Amino acid sequence: MKKIAALILILVVLFGAAGSFTAQAAAQSELIMKIGLDRGLVGGTAIVKTNAINGVTTKVQKVGGRTMVPLRFVSQTLGAVVKWDEKTKTATVSQNGISVSVKIGQNTMTKTDAKGKVTQIAIDVPATLIQGSTYLPIRAIGQSLGFKVYYTKHRSQEFVVVYNTSISTGAMTNKLENAYFILNGVGEDYKKGTVYGPRLTDKQLGELKTKVSSVVSSTIKTGMGDDDKVKVLHDYLVRTVSYDDNYSAGYNANTAWGALIRGKAACSGYARGFKALCDAAGIPCYYVHATNSAHQWNIVCVDGNWYHIDVQCNDDSGFYAIFLVSDDDFAWWGQEWDRKSLPSCPREYGE
């Protein structure tokens, strides 16, 4: 359709790393991670990728039926200090006057509380080295440091929540719903069949990846908030793309490649291109297809809240006609979509 009018855990130490590591970020009371992902949701709004800690990508994994977490990533997020003894291969994590030590390969941890009391804690899966990073069972280490640890499923996906207090069932459901959409809404995908263009070739996907990286690095500046990031990416597409509905292989107007490489795209190309840019910028974003028409647009997360953006419509109208608007506002334009499978957008930006 050419026109529409005018998304917790603790510690890790790299095996063989020396010295101590003190968290650079402020301590957080909440971290939610999805099994198999390389990122976590901090404080309900901020996505932190594991490779932001020390350049090493790690994921929450299942080992021996237990949920194992990468220690360095979790420790920084929750404000702990980690010391590594290379000679004994022992990691010691300290926080709020409590310290827990564990040696690679052993099934016990040594906990020293704030009063100096020492306790030996059995763990059914020993500290394990996975691709160069130390992993421990999240429940054992989390509870030892005074956190509540919850392992749960939501929308058939597995999550681990580390929190500093008990959570009611209702609050947990809300947190998981939020984490589900935010964590699943971001993640670059340059494999065949991608949402960026299901029929794009490997060559085209390579070109697209290079272009996306270039655009994001040239437009996203240090200190920008989510709203500014979304705006500059939106404006880049409006400035550089014109409407075209030639979907044939050489043109691919319905793909991110068409929008970002050719500079010509249909509404689907605009929306896929915006999704690719947001993914690279770490902004949770969904590609949305109308259920009552052939139109496509995006739902994007700004500071933990969700909004509709229709880049092609805004390009066509010449102003921000549909930019960070609510479900009700967007529905006014006559579009319908699968609301059960997508985040709710209850308000306009700034309300």
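These exercises walk through parts of one predicted model, each with a worked solution.

Residues are numbered from 1 along each chain as its sequence is written. In this predicted model local features need pLDDT of at least 70, side-chain atom pairs count only at pLDDT 80 or more, totals for chains, interfaces and linings use all residues, and side-chain values use heavy atoms, with hydrogens and water left out.

**Exercise 1. A sheet and its edges**

Find the order of the strands in the open sheet that contains β18, and say which strands stand at the edges.

Solution. 
- Start with the terms. Strands (E, at least two residues) and helices (H or I, at least four) are DSSP runs, numbered from the N terminus. Two strands pair if DSSP finds at least two bridges between them.
- Read off the order. It is β18-β19-β20-β21, with antiparallel pairing.
- Look for the edges. β18 (285-289) and β21 (323-325) each have a single partner strand, so one side of each lacks a neighbour in the sheet.
- From one strand to the next it averages 35°. Angles run from 0 to 180 degrees between N-to-C directions, and axes are lines fitted to C-alpha atoms, for helices over the stretch in contact.
- Zoom in on one pair. Five bridges link β18 to β19 (residues 296-302) in the antiparallel sense. Cys 285 faces Val 300 of β19.

**Exercise 2. Helices on that sheet**

Solution. 
- Take α4 (residues 169-184). This helix lies across β18, β19 and β20 (305-309). Its direction is at about 85° to β18.
- Take α6 (residues 226-240). This helix packs on the sheet and touches β19, β20 and β21. Contact means heavy atoms within 4.5 Å. The direction of α6 makes about 155° with that of β19.

**Exercise 3. Hairpins**

How many residues lie between the strands in the hairpins β14-β15, β8-β9 and β9-β10?

Solution. 
- Begin with β14 (residues 148-154) and β15 (residues 157-163). Seven bridges join these antiparallel strands. Tyr 150 stands opposite Val 161. Two residues lie between the strands, and Arg 155 in the turn has a positive phi of about 50°.
- Move to β8 (residues 90-95) and β9 (residues 98-103). Six bridges hold this antiparallel pair. Again, two residues lie between the strands. Asn 96 in the turn has a positive phi of about 55°.
- Finish with β9 and β10 (residues 108-112). This antiparallel pair has four bridges. Four residues lie between the strands, and Gly 105 takes a positive phi near 90°.
- Follow one residue. Ser 99 of β9 stands opposite Ser 94 and also opposite Thr 112 in β10.

**Exercise 4. The largest pocket**

What is the volume of the largest pocket, and which residues are closest to its centre?

Solution. 
- Define the space. On a 1 Å grid over the protein atoms alone, a pocket is an open set of points where a 1.4 Å probe fits, with protein on both sides within 12 Å along at least five of seven lines. Lining residues have an atom within 4 Å of a point.
- Give the volume. The pocket holds about 340 Å³. Points are joined across faces, edges and corners, and the volume is the space filled by probe spheres set on them.
- Find the centre. Of 21 lining residues, Ile 47, Val 186, Ala 281, Gly 282 and Ile 283 are closest to it.
- Name the elements. β4 (46-49), α6 and α8 (267-281) each give two or more lining residues.
- Sort the lining. Nine residues are nonpolar, four polar and eight charged.

Terms used
Ala, Val, Leu, Ile, Met, Phe, Trp, Tyr, Cys and Pro count as nonpolar, Asp, Glu, Lys and Arg as charged, and the others, Gly among them, as polar.
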